[in-house]
Amino acid sequence: MTRSSGGVASVSIHEYGVSLDDRKRRVQCKFCDKVVGGFYRLKFHIGGVRGDVAPCEAAPLNVRDQFRRQILEAKDKSLAQEFDHPRNDQSAAAWTGGLLVEGEAGESETSVSKEVAEYLLETGINVRLSDSPPFQGIFGGIVSDELEAEVVEERIKDVQEKVERIRKTWASSGCTILMDEWVDGNDRCLVNFLVDCPDGLVYLRSADITDVAGDTVSLQNLLEGVIEEAGRQNVVQVMTCSVTSWMFPVIKQIRRSHMHIFWAVSASDCMGLMLEKIAAVNDIRRVLDEATSLVRFVHNNAAVLEMFRDFTGSERENLFKPAKMRPAIPFLILESILSCKDELKEMFTSLDWKSCSWSKTVEGKKAAGLVKSSSFWKRAGMASKATTALIRVADKFGSDNKPSIGFIYETMDQIKEAIEHEFRNSNSRYMPLWELIDEIWNDFLHSPLHAAAYYLNPTFFYDRNFHLDTEVSSGFQCSVIRMENDQRVQYLINKQATQYCRADGDFENGYAEDEIKNAHPGKVSSFKILGKLFLALRIWSIYHVIEQGYIKLVFYVKSIADLWWSVYGNRCPELQKLAIRILSQTCDGSGRYSLDRSLAEKLVCKDLNQPEQNRRRDQMFVRYNLQLEEANKNKRKAGGDIDGGAPPGSRSN
C-alpha cells in the first residue's frame with residue numbers, strides 16, 4: 001500500500017529538485033535543469049502554474065497534474081481564509097494563477113456562473129466558496145445550489161452515456177476489475193474500483209475500508225457488490241495494485257462463489273518487487289549505494305555539476321533519472337553512470353578537479369576513489385546486466401495504454417533469456433537471479449490466464465519455436481473449466497482447439513505468416529526469428545527487438561482478439577468466444593493511470609447525511625471518469641491509436 005498525503009501520493013517536491021546551496025535558495029529542476037528560487041517556486045514550475053516562474057516543459061503529465069492540483073488546493077484554503085479581504089482585479093489574477101473566467105461582452109451572469117460551476121466541478125474547488133464577495137469579484141459570478149445541481153446532472157448524463165457505451169462491450173470482451181488501494185494522511189484505508197476492457201477504463205466507486213480492513217466477511221461483501229455492479233458474468237479477473245492488498249484474505253471465498261473469476265496482481269508492481277529483491281542481493285546493494293552517493297555528490301555541489309557538464313559537453317547532462325517505478329531508480333542511476341564512465345574518469349583525474357576545493361574534502365576523495373576503482377565499474381556492469389531487460393519491459397508496461405495479457409508469459413521468458421545471455425550462460429551467475437524472478441512470478445504474478453493467453457495468441461502459437469509444455473496446456477484447460485461450466489461447451493472448445501492446433505479449416509489461412517502480420521498493423525519484426533536473435537545479437541539489440549516487436553504488438557491486442565479471431569475463428573464459435581474474452585484482458589493495474597487520490601480523500605466521508613454522500617459520489621463519478629478519459633487520450637497520443645488498429649504515430653480523436 002502507498003501512503004498519500006495532500007495532493008501528491010507519497011511524493012515530495014524535494015524528490016524533483018536539487019538544492020544548489022546550503023540554504024536551499026537556489027534549486028535546480030531534475031526534469032529540465034532550470035534553476036528557480038527555492039522548492040516553493042519549483043512546485044509552481046513543475047506544476048505548470050504560471051506566475052513568477054515559467055512552467056516546466058519536460059515534466060511528466062501525471063507529475064505536473066498532481067502538483068498543479070496541490071497548488072490549487074492550497075489556493076482553495078487561502079481563499080476560504082481571506083473571505084473578508086477583497087482584492088482588486090490585478091491582484092486577483094495573480095492570486096488565482098491566471099485562472100479567471102473571462103466572459104464575452106454582454107454575457108449573462110447565469111452563463112458565466114455556469115462556466116464557473118463547470119470549472120469548479122472539474123478542478124474540485126469547493127463550490128460553496130462562490131458565496132463570498134471576493135470570489136464573485138474574481139470569477140465574475142455566483143454558483144447557486146440549483147445551478148451546481150444542474151451542472152452536475154448534465155455532466156453525469158454525458159459521462160453515463162460514455163460509460164454505458166463501454167459497458168455494452170463487457171458481455172463479449174469481458175472485463176477486469178482494478179483496485180487502487182492506499183493509506184491517506186489520516187491513516188484511512190481507501191480503495192478505488194475501476195473496470196478495464198479494450199474499449200476503455202471506467203470508474204465505478206470509492207470506499208473507506210478502515211474499519212473493516214481485517215474483516216473478511218465485510219470485505220467480501222464489498223467486493224461482491226462491485227462484481228455485481230460490473231455484472232458477474234462479465235468479470236474475467238480481479239486485479240490488485242499491490243502484493244500487500246487488503247483483499248488477499250477474501251481470495252478463497254471469491255473463488256468458491258465465482259469460480260470463473262481469476263485473481264491477479266499488477267504486473268508493474270510484481271516487476272517492481274522483482275527489482276527490489278535483486279537490489280537486496282549483497283554485491284548489488286553495495287554498488288547501488290556507491291552509485292547513489294556518487295550522484296548525490298555531483299548533483300548537490302554546483303561547481304562539481306558544472307565541471308561534469310563541461311566534460312560531457314552538455315549543459316543539460318543529468319545523472320539522476322526519475323522514473324515512475326521507484327525500485328527502478330537506483331538501477332537507472334547506475335545506467336547513467338555507466339554511460340558517462342569515460343567522462344567521469346577523465347574529470348576526476350583532470351587538473352580542473354585537482355585544483356577544485358571539493359577534491360580536498362572527504363566526500364570528494366571518496367567520489368574520486370570510487371570512479372578510479374576498476375572493481376566498482378566491474379560490479380556496476382554486472383548489476384546493470386542483471387536488470388536492464390526487466391527495467392525496459394517494466395517501463396513499457398507502466399506507459400502502455402493496454403499492457404496485454406497475451407504477451408506477459410512469453411515476455412517473462414524473454415527477460416530471463418536476456419539475463420542468461422548477458423552472463424554468458426554462466427549458471428552460477430544467472431540462476432540466483434532467475435530464482436528471485438520465479439519467486440515473484442509463482443507467488444503473485446502468474447495466472448492460468450497467462451498460459452491460456454499465450455496458447456491462444458497466434459503470434460506465438462504458430463511460431464516454430466512454440467513449446468506446448470505442461471504449464472501451458474494445464475493453464476489452458478484450467479481456464480476452459482473455470483470460465484465455462486457447461487461440459488458440452490467445454491467439449492466443443494477442446495474439439496475446436498484441435499483444429500486450431502492443426503491449423504485446419506479457416507485457421508489454415510490464418511496460419512500464414514503474412515496473415516498474422518496483417519492482423520497486427522505496425523509489427524516491425526516477426527517473432528519467428530526472435531529466438532535466434534536472442535542467441536545471435538548483443539543485448540542492446542535484444543532490447544531493440546523487445547521494444548520494436550513486443551511493445552508495438554501490445555498496442556494491437558484488440559487487433560489480435562477482434563481481427564484475427566473474428567476472421568479465422570467463426571467456424572469455432574465456442575473457442576472464438578473464449579479466446580476473445582481472455583486476450584481482451586490487461587495484465588497491469590491502475591497505477592499506470594496515476595489517478596488523483598486526493599479527490600477520494602476529500603470526498604469520501606462516512607459521517608455525512610445521505611444527500612451529501614450522494615452529491616459527493618456523483619462528483620467523484622464525473623471527475624474520475626473524465627480524468628480516465630483524458631489519460632486514455634494522452635496514452636494513445638504517445639503510443640498510437642489502439643482502438644482502430646492504426647499503426648504507431650496515428651492519433652485518436
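The report that follows takes up salt bridges, then a helix, then a pair of strands.

The structure is a predicted model, in which local features need pLDDT of at least 70 and side-chain atom pairs count only at pLDDT 80 or more, whereas totals for chains, interfaces and linings use all residues. Residues are numbered from 1 along each chain as its sequence is written, and side-chain values use heavy atoms, with hydrogens and water left out.

**Salt bridges**

Side chains of opposite charge can pair when their charged atoms come close. Here a salt bridge is a side-chain nitrogen of Lys or Arg within 4 Å of a carboxyl oxygen of Asp or Glu, and a search of the whole structure finds 16 of them.

| Arginine 188 | Aspartate 184 | 2.8 Å apart |

Arginine 232, by contrast, counts as partly exposed at 32% relative accessibility, as does glutamate 228 at 41%.

Arginine 615 is likewise partly exposed, at 25% relative accessibility. Arginine 615 and glutamate 612 lie three residues apart in helix H31 (residues 610-639), so about one helical turn separates them; helices (H or I, at least four residues) and strands (E, at least two) are DSSP runs, numbered from the N terminus. Beyond these pairs, a network of salt bridges links Asp158, Lys162 and Glu629.

**A largely enclosed helix**

Helix H29 (residues 573-583) is largely enclosed by the rest of the structure, because eight of its 11 residues are buried. Among these buried residues are Leu575, Gln576, Arg581 and Leu583.

**Strands S7 and S8**

Which strand is joined to S8 by eight bridges? The partner is strand S7 (residues 189-197), and the two run antiparallel; strands are taken to pair if DSSP finds at least two bridges between them. A hairpin joins S7 to S8 through two residues, and aspartate 196 has leucine 201 in S8 as its bridge partner. Strand S8 (residues 200-208) is mostly covered, with eight of its nine residues buried.

Conventions:
Buried < 20%, exposed > 50% of the residue type's maximum accessible area, 1.4 Å probe, protein only.
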